[in-house]
Amino acid sequence: TLWFLRSPRLVEDAASTIARFGPGVASLAERVFYLLPPASRDEALRRATVLESARVPRPLARRIATLEPLSGAPDVVETATATGQDVAAVAGVHFALGDRLALDWLSRRIAALPADGHWQALARGALRDDVDGLQRALTIDVLHEAPGDVTAEARLAAWEAAHRTARERAQKVVDEVRGAPSPDLAMLSVALRELRNLVASGKPGARRADAPA
């Protein structure tokens with residue numbers, strides 16, 4: 001709901017929007033459990049197992065356990081449309097990036113920030129939008145780095161090799177923020193800035209981060 005409220009798609013005809021996104025989201029909902037990277041899949045399986053132990057039917061338990069990653073479905077469908085690639089292929093890269101670069105963790109930490117006033121709430125919302133936009137941009141970069149019928153892991157490995165220095169620098173900052181007892185708005189903003197440099201390093205004409213000065 002928030003995605004569509006904040007999207008330019010909000011001004012489009014509702015029927016057209018449903019027709020544009022519905023099939024892709026439905027397809028992803030059927031396969032999301034198997035498209036998650038191992039760590040996220042294990043966590044979803046743990047949640048589903050807890051629900052099943054309370055006599056929730058397995059299909060419903062797994063659907064509930066994957067609702068959080070499925071919140072990225074509109075971004076995945078939008079990216080698939082923009083790149084002309086299969087929804088499942090895009091989703092694999094999208095989820096792998098969320099896990100590898102701790103984007104999922106960043107989004108959760110931002111959501112947990114205190115928002116005692118109107119401007120703090122706006123700042124928190126803007127940061128979450130930044131994470132979503134960053135994940136979309138990085139997904140497109142990875143897809144362009146290794147086109148063709150290859151796995152999400154192979155695509156991610158090719159992209160990481162091409163931007164090794166920038167990725168390692170961003171990863172170091174993110175790891176430092178994750179290691180802090182209670183990351184605040186400033187720390188999370190710095191982590192996002194470093195991750196944005198990964199997108200900048202892939203722009204045409206930009207100097208490769210691992211190239212000599």
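Let's start with Asp141, which lies in helix H9 (residues 118-145); helices here are DSSP runs of H or I with at least four residues, numbered from the N terminus. Asp141 is buried, with a relative accessible area of 15%, where buried means under 20%, exposed over 50% and partly exposed in between, using a 1.4 Å probe and protein chains only.

Leaving aside neighbours within four places in sequence, Asp141 is in contact (heavy atoms within 4.5 Å) with Trp159, Leu198 and Val199.

## About the model

This is a predicted model, in which local features need pLDDT of at least 70 and side-chain atom pairs count only at pLDDT 80 or more, while totals for chains, interfaces and linings use all residues. Residues are numbered from 1 along each chain as its sequence is written, and side-chain values use heavy atoms, with hydrogens and water left out.

## The nonpolar core

The largest nonpolar core has 45 residues, and Leu138 and Leu195 have the most contacts inside it. Such a core is a set of buried Ala, Val, Leu, Ile, Met, Phe, Trp, Tyr and Cys residues joined through side-chain atoms within 4.5 Å. Helix H7 (residues 87-100) gives the most to this core, with 7 residues.

Not counting residues up to four places away in sequence, Leu195 touches Leu101, Leu103, Leu106, Leu134, Ala170 and Val174.

## Where H2 meets H7

H7 also has a partner in helix H2 (residues 14-35). In H2, Gly24, Leu28, Arg31, Val32 and Leu35 meet Val87, Ala88, Ala91, Gly92 and Phe95 in H7.

Technical notes
Helix = DSSP H or I, 4+ residues; strand = E, 2+ residues; numbered from the N terminus. Axes fitted to C-alpha atoms, helices over the stretch in contact; angles between N-to-C directions.
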